[in-house]
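Me: Hi! Could you walk me through this protein with me? I'll just ask things as they come up.

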Amino acid sequence: MNTEKHIPRVEPRIASVNSGIFHASSMALARRGFCRRMPTLLLMFAACVSAAAQTDYSRVEFGGEFSTIRQNDPKTEHGKNFPGFGGRFDWNFDRRMAFETEVDFFPEQSEVISFRRGGQTLQAVFGLRAKVLQTRRLSVFGLVRPGLFHFTDVLSYSPGTGLPPRNLSTTYFEMNLGGGIEYYLSPRWVLRADIAGNPYRVPQQAKNVAGVAVSYPGSVEDTTRLSFGVAYRPGTLRENEGEGKVPGTWEFGPLFSTLIAAPVAANNSIATLSGLGAYASYRFWRVLYFDSDVLYFPQDTHGPTSLYGGPVLQGLFGLKGGIRRNDFGFFGKVRPGFQSYAQALEAIASQPPGSLNYGYGRATNFALDLGGIVEFYPTERGTLRIEAGDSHTFFSTHTVNVNGTSLRYDLGMHHTIQVVLGYGWRF
């Protein structure tokens with residue numbers, strides 16, 4: 001069984017797996033931020049180009065692919081790509097939008113990282129694929145597909161002296177976000193390549209191993225997946241229907257959001273926050289928009305051992321790029337901003353003896369939101385808006401004064417999974 005040390009704790013009563021490994025993993029993932037940005041940037045670039053579309057499509061599409069998935073080793077801060085294979089099925093609503101399912105299996109045994117991943121990997125995703133750029137031979141598309149990660153071995157342990165070791169398997173919720181390119185060999189045969197980030201939620205877990213309590217507070221982990229495949233489109237080939245542009249330069253409306261965030265240097269469990277806010281969007285050039293969200297999450301789900309807790313204020317201000325056609329729109333988003341915590345731990349004093357007094361203050365950190373936005377237009381001026389993203393939070397070095405001694409925490413970058421639902425008006 002992997003044994004891991006804690007970061008310096010301010011509350012020694014809770015046993016926990018090392019959050020230091022989690023921090024190292026976050027730093028390793030931050031170094032490949034360029035790869036994570038590629039799908040969104042590709043989608044926004046492709047949105048700026050217009051060309052004659054392929055003339056036909058079919059209602060269904062079957063495909064197979066070779067894939068690699070990158071598993072990071074938090075101990076060495078290096079990663080390894082694991083090969084796999086799988087298949088997918090698409091139901092095309094029209095020439096651009098499809099409901100897509102994909103299942104991939106990675107048979108090689110990866111290193112066990114306690115409670116998080118290890119062994120063989122199975123990934124299944126179900127969601128939307130939307131083509132932004134189409135020519136007769138080529139298309140560029142975006143992907144927003146929630147799904148599941150299954151690992152066969154997230155904890156190796158011995159249940160007792162002289163007993164054989166056991167492996168614990170588990171399944172996690174994930175959000176598959178990315179994009180890719182299709183090349184049409186013929187009206188029925190398609191070559192495809194795509195790349196996607198896969199943030200996934202690891203819940204709080206605890207287990208009694210041979211009389212020893214072992215626990216993990218939860219986290220949001222991440223991988224990068226690259227796929228190459230071929231697909232066939234059976235059945236009747238349908239002629240592309242006409243498309244009309246959707247009017248409106250300005251857009252604004254209220255939002256509801258769910259934010260899945262890991263505890264930051266704490267013994268508390270992973271938090272699922274609910275918040276309210278508003279968004280505004282302004283088209284400044286063809287298919288590029290200034291786009292912003294401001295959201296407030298009022299819950300205080302963290303206890304006194306958290307470095308960061310209390311209500312959260314989030315502001316994101318950046319770009320979205322994509323298309324609006326007929327009854328829907330699809331966009332990639334790159335939005336820097338901030339994430340501000342109302343109760344960041346600043347001091348701990350054991351005065352009088354036998355008691356602990358905590359001091360808190362506001363702390364604001366840089367955030368970067370990457371992902372996709374899908375819009376539906378139920379009325380001439382109305383917009384139903386759905387966002388999905390990985391809102392990276394880059395924590396600066398944090399200092400806590402404990403009875404006159406300063407403790408420094410280098411927390412690095414943490415992932416979150418964020419889903420936002422809103423309704424807006426265009427004019």
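Me: Which residue forms a salt bridge with aspartate 293?
Reply: Arginine 335 does, and the closest N and O atoms are 3.1 Å apart. Keep in mind that this is a predicted model.

Me: And where do those two sit?
Reply: Aspartate 293 is in strand 17 and arginine 335 is in strand 19 (residues 328–349), so the pair ties together parts that are 42 residues apart in sequence.

Me: Is aspartate 293 buried or exposed? And what about arginine 335?
Reply: Aspartate 293 has a relative accessible area of 2%, so it is buried. Arginine 335 is at 0% relative accessibility and counts as buried because the cut-off is under 20%.

Me: Why would charged side chains pair up at all?
Reply: Side chains of opposite charge can pair when their charged atoms come close.

Me: OK, how many salt bridges are there?
Reply: The count comes to 34 salt bridges. One of them joins the side chains of glutamate 102 and arginine 192, at 3.9 Å from N to O. Glutamate 102 lies in strand 4 (residues 97–113) and arginine 192 in strand 8, so this pair ties together parts that are 90 residues apart in sequence. Glutamate 102 and arginine 192 are both buried.

Me: What does lysine 320 pair with?
Reply: Its side chain meets that of aspartate 291 in a salt bridge, 3.8 Å from N to O. This pair links distant parts of the chain, with lysine 320 in strand 18 (residues 308–325) and aspartate 291 in strand 17 (residues 288–297), 29 residues apart. Lysine 320 counts as buried because its relative accessibility is 0%, and aspartate 291 counts as buried at 1%.

Me: Switching topic: which residues make the nonpolar surface patch?
Reply: Leu138, Ile181, Tyr183, Leu185, Trp189, Leu191, Val230 and Tyr232 make the patch, which covers about 660 Å². Strand 7 (166–184), strand 8 (189–197) and strand 13 (224–232) each supply at least two of its residues.

Me: Nice. How much space lies in the second largest pocket, and what lines it?
Reply: About 170 Å³ of space lies in the second largest pocket. Its lining includes Gly127, Leu128, Met175, Phe376 and Glu387. Strand 5 (117–134), strand 6 (138–157), strand 20 (357–376) and strand 21 (382–395) each supply at least two lining residues.

Me: Last one: where is lysine 207 found?
Reply: Lysine 207 is found in strand 10 (residues 205–209). Its relative accessible area is 27%, so lysine 207 is partly exposed. The C-alpha atoms of lysine 207 and phenylalanine 115 are separated by 9.9 Å, and these residues are 92 apart along the chain.

Definitions and conventions: Residues are numbered from 1 along each chain as its sequence is written. This is a predicted model: local features need pLDDT of at least 70, side-chain atom pairs count only at pLDDT 80 or more; totals for chains, interfaces and linings use all residues. Side-chain values use heavy atoms; hydrogens and water are left out. Patches are made of residues with over 30% relative accessible area and no salt bridge: like charges are joined within 9 Å, nonpolar side chains (Val, Leu, Ile, Met, Phe, Trp, Tyr) within 5 Å. Accessible areas come from the Shrake-Rupley method with a 1.4 Å probe; for residues, only the protein chains shown count as cover. A salt bridge is a side-chain nitrogen of Lys or Arg within 4 Å of a carboxyl oxygen of Asp or Glu. Helices (H or I, at least four residues) and strands (E, at least two) are DSSP runs, numbered from the N terminus. On a 1 Å grid over the protein atoms alone, a cavity is a set of points where a 1.4 Å probe fits but cannot get out, and a pocket is an open set with protein on both sides within 12 Å along at least five of seven lines; lining residues have an atom within 4 Å of a point. Grid points are joined across faces, edges and corners, and a volume is the space filled by probe spheres set on the points. Buried means under 20% relative accessible area, exposed over 50%, partly exposed in between (1.4 Å probe, protein chains only).
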